[in-house]
Amino acid sequence: MNLLAKIVTRLAWPLLFGVVLLVVACLAIGIWPEPEDDILEFLPPQDRDVQVFRRISATFGGLEVAMVGIETSDVFDPTFLKKLDLLTSDLRDTNGVDRVVSLTNLADFEPDTRRRWIKAAELVDVRQFRSPGYLKGLRARVLGKRHVVGQFVDRAGTSTLVMCFLVPGTNQQEVVRRIKKVTREHMGAQRLFWGGAPFASSYIFETTQKDLELLTPWAMAAIILVMLIAFRDFLGVVLSLISTGVGAVVAFSAMVLFDVKLNLILSSMPVILFAVGSAYGIHILARYYKLAEHMDHVAAIRGSVVEVGPAVLATGLTTMAGFASFMVMDIRPMRLFGLFTALGIGVSMLTALCVIPALLTVASRLRRRSPKATSERRPGWLSRRVGGLAAATARHRLLVVGVALVLGLVGVVLAAQVKVEVEPSAFYTDDSEPARADDFLGRRFGGSQYIQVHVDLDPTHPEARAVAAVTEELLPQVRQHTKPVIEDPLVLREVRRFAERIARMDEVSSVLHVGLPVSLGTQMADDLRRIPDTRAKVKNIYGLVSTDPTVNQLLSPSHRDLLIHIKIKSSKVEVVNRVLRRVSRLVREDFRKALLPVLLHKTRDPRLARRAKARLIQDTADHVMAVARELGHSPPEGSRARLVAAYAERFGKPVAMTPAARRGVAANMASYLASSEFPGVWPDKTPDGEPYQKQKIARRIAAALAALGPGASEDARDRAVKKAAVKVLGSAKYLDFSTFAERELEHSWRLQRAAQLGRVAARALSIGSPSPELLEALSTAAVDLDAPSVTVVPRGSEREAAGVIFLRPTVSGMPVVLRGLARSVERNQVYSLLVSLAVVFGIMILMFRSFTGGMVALLPAGLTLVAVFGGLRLAGRSMDISTSMVAGIAIGVGIDYAIHFMTWWQRPEGGDWTAAARRAAQESGSGIVANAFMVCAGFAVLAMGQGQPLKVLGIMIASAMLMAAAITFVVIPAAAGRRAYYRRAAGRSAQEGGEQPEAALAPAASGATHPE
């Protein structure tokens, strides 16, 4: 410090000129970094869950969905629907929006019962509003779509949802602003709700930015006010602010230089710099005014640097260490915050040590005396109070140590119980815009939180799997081309089975998977809402339903990946985590990751056949029960066993030839023969030229075919058609009619078989009089009992058999990502705390040249930590990103008070340790209290904002600094021990006699003074 004191006084002008050039260069580079509004930047890139989420998002074209909720009196009002259609179109054309899904662009497939074909159109087509009868049945038709109600319209028809899928990597802030602008232009009179991660992150960013813009000037004003009250030196406050301002300019300019964007955490850096860094210059000026009362001008400057410099340097380094410890975190914004805040603190410290003494040297007018310092030798009121507190703790040393030990242990126990959880609601208040959206989505649409299960299909051949695994590791982008296309109905059924298991959870409101639109498409084509039995049919259905924009979120464009979307009823973190744990457990224990296909009519292994039969019966029973639950019927206890037994009895048996079955077949065949779907050509007249009734002849042919029963031979069909209609069709055409009727005849008997199995299910499930809708759904689900193939879980060597299907389910979604973020926060908290403690402890050992001194200096900061986090546990709050910052800041800044106190801890004459404690507290007390209140005032003002992260951070840091100061006056006098950390008697007497400080100071351990 002696060398530094000489340099800053002898080279004052060059030093000041260099600082001015530095500031000018920084201003030329720029000090306004671009804002960063993407909350996803806080996700740890190395976390496996985060990597999986990003990969899935890229595969499916983005999972970042902005959900616009609209509440109105009647969704099906034509005027409203026209506005909704225009809104959907304009949102689709909005820059940054990939695709938009709403009621007015959902694909719809309706069977034409008269013509027996499929009508493909939009669910709500505003172009047909003028068509007679279109609007009349629109409400009933839309609300009758189970896959639409609860997803895009509520059951009451008073709310609708527009889903905007954002382009990956886009500027969310700008896109969200455009979406809101377009929506308000079209729906200004309606109640609007903004849900989803893009809206939430935009709200958090905007709120935090507004809070900082509004509160930062007030926070700085509070800091300046505390400085003026504490030191009563306007000129000193201005000089201190100048030195801190240089640090802020350099830090922000460095961000601009290295293209670092201003995120939510970095936005708080100005307040931290001015709250913490302003004290350095104040300490030097206060000591200069004291020494200038009885010393030469230059000698006083050098003396202030020599005496206060070590303390300023030590406190600056420990504060830098506290912030720099964030650089060991795996969250990039936190690393950047730690790096640039440490840079700003370091520059502020060096500026205070160099620039302020240089200014004092070149401007003699700055040399003035503090009236209070010259006229008042007796310690002030505050100094006397903190001195009395320290003396009291020294007198009752054992009691204080014992109480501190007990409270510390209690605090450690409580702090260890603090959970690390990151939930979206922690970033906003209950009355905020995202909270209202969550409430709306929960009430109207069953929730806003989703978990995704990604199903990846592996190559079936072992060698191909090995090659694909190596390829995926080396070239991840090639992986898509090595995987087979997911067209196997057995895979879709396994996905459906797993989804139905998930849907049984009370906290789950809905489960979506590609099997649902495939089943819907099959119903349009085959009268049965089910997953078809062949790959060819699945492929055809893919082509049919691919026009629906919602399918893109269930099936990847390459048809090689599936997603299961699980909607959770509540946004509460405990509910979401409970569902996440259950889903993860089911993926591990219940999802069949290896499937061995078994053709029931071809297998020659009797044991494998028995396993396959049992599996098919049980899976069919589970599917039937799931359908019953979906339609509001809860099967009583024992239903599954009864249903399995009933289906085991009917397995492999043909349809029962009852009169009702024949009538059903006849009715279906008559409709088919008379429809445009029938490929046969009806003659205009009989061969004799006589007119005939087409419907009557169709019913006659249908009755004759129905009388044959299922599996009728070609000859039998020919004879039946000939007998029923040869006089009308003639001998040339009746054979064609017989051939064309074959497929539909078997399908008609299959429908009757399904109806019979549905009635069996109703009896087994104790459903006395099922509604037509329920009976049809049960019947359709039961058709799986007649599936030609089924899968079993391969055993032993069966896993290497040809044709085994390997599935890789992976749980993902924002709750999983937040779980990964929570793990990262917990891990980073430990790493950051260990690094900061180690570095700070090392600085303390060098400062006091004593291991014991380092331990004692750490006590106040350590006790502050356990007190803050113990209080967090008592308050019932969990640790998140914002609260995890407190540890490093409390260690780095809180230890400053111990440093200043311990530099005044001296060995008293006669061993009066009470007097030693009183004197140390009186000498350092005003500076410690002022510093604590400066930091507290700045962050307490920030706690008045609307943004939850900034509010929580402000409250915790403000309380932590006050506690650290209070604990310093209580604990250190009791724990410092009977030793001196710095010999001051000779130095003070020499200085008061006018000697040069270089010769006067004789430290026993490297130390520093604190301003009086």
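Four strands, in the order E2-E5-E1-E6, form an open sheet with antiparallel pairing. Two strands count as paired if DSSP finds at least two bridges between them. Helices (H or I, at least four residues) and strands (E, at least two) are DSSP runs, numbered from the N terminus. The model is predicted: local features need pLDDT of at least 70, side-chain atom pairs count only at pLDDT 80 or more, and totals for chains, interfaces and linings use all residues. Residues are numbered from 1 along each chain as its sequence is written, and side-chain values use heavy atoms, with hydrogens and water left out.

- Axes are lines fitted to C-alpha atoms, for helices over the stretch in contact, and angles run from 0 to 180 degrees between N-to-C directions.
- Five bridges join strand E1 (residues 65-71) to E6 in the antiparallel sense.
- Ile 70 stands opposite Leu 192 in E6.
- H15 lies across E1, strand E5 (159-166) and E6, and runs at about 100 degrees to E6. Contact means heavy atoms within 4.5 Å.

**Aromatic pairs**

- The whole structure holds 15 aromatic pairs. Rings of Phe, Tyr and Trp (its six-membered ring) pair if their centres lie within 6.5 Å; planes under 30 degrees apart count as stacked, over 60 as edge-to-face and the rest as tilted.
- Phe 193 and Phe 440 form a stacked pair, at 4.2 Å centre to centre with 5 degrees between the planes.
- Phe 193 lies in strand E6 (residues 191-195) and Phe 440 in helix H15 (residues 433-445), so this pair ties together parts 247 residues apart in sequence.

**The six-stranded sheet**

- Another open sheet has six strands in the order E8-E9-E7-E12-E10-E11, with antiparallel pairing.
- Its edge strands are E8 (508-512) and E11 (789-792), and each pairs on one side only.
- The twist averages 25 degrees from one strand to the next.
- E8 and strand E9 (residues 561-568) pair in the antiparallel sense over four bridges.
- Val 511 stands opposite Ile 566 in E9.
- Helix H18 (residues 489-503) lies across strand E7 (449-457), E8, E9, strand E10 (594-599), E11 and strand E12 (805-812). H18 runs at about 15 degrees to E9.
- Helix H21 (residues 573-589) packs on the sheet and touches E7, E8, E9 and E12.

**Cavities**

- A search of the whole structure finds two cavities of 30 Å³ or more. On a 1 Å grid over the protein atoms alone, a cavity is a set of points where a 1.4 Å probe fits but cannot get out; lining residues have an atom within 4 Å of a point.
- The largest cavity holds about 190 Å³ of space. A volume is the space filled by probe spheres set on the points.
- Of its 15 lining residues, the closest to the centre are Arg 493, Glu 494, Arg 496, Asp 619 and Val 790.
- H18 gives the most to this lining, with six residues.

Definitions and conventions: On a 1 Å grid over the protein atoms alone, a cavity is a set of points where a 1.4 Å probe fits but cannot get out, and a pocket is an open set with protein on both sides within 12 Å along at least five of seven lines; lining residues have an atom within 4 Å of a point.
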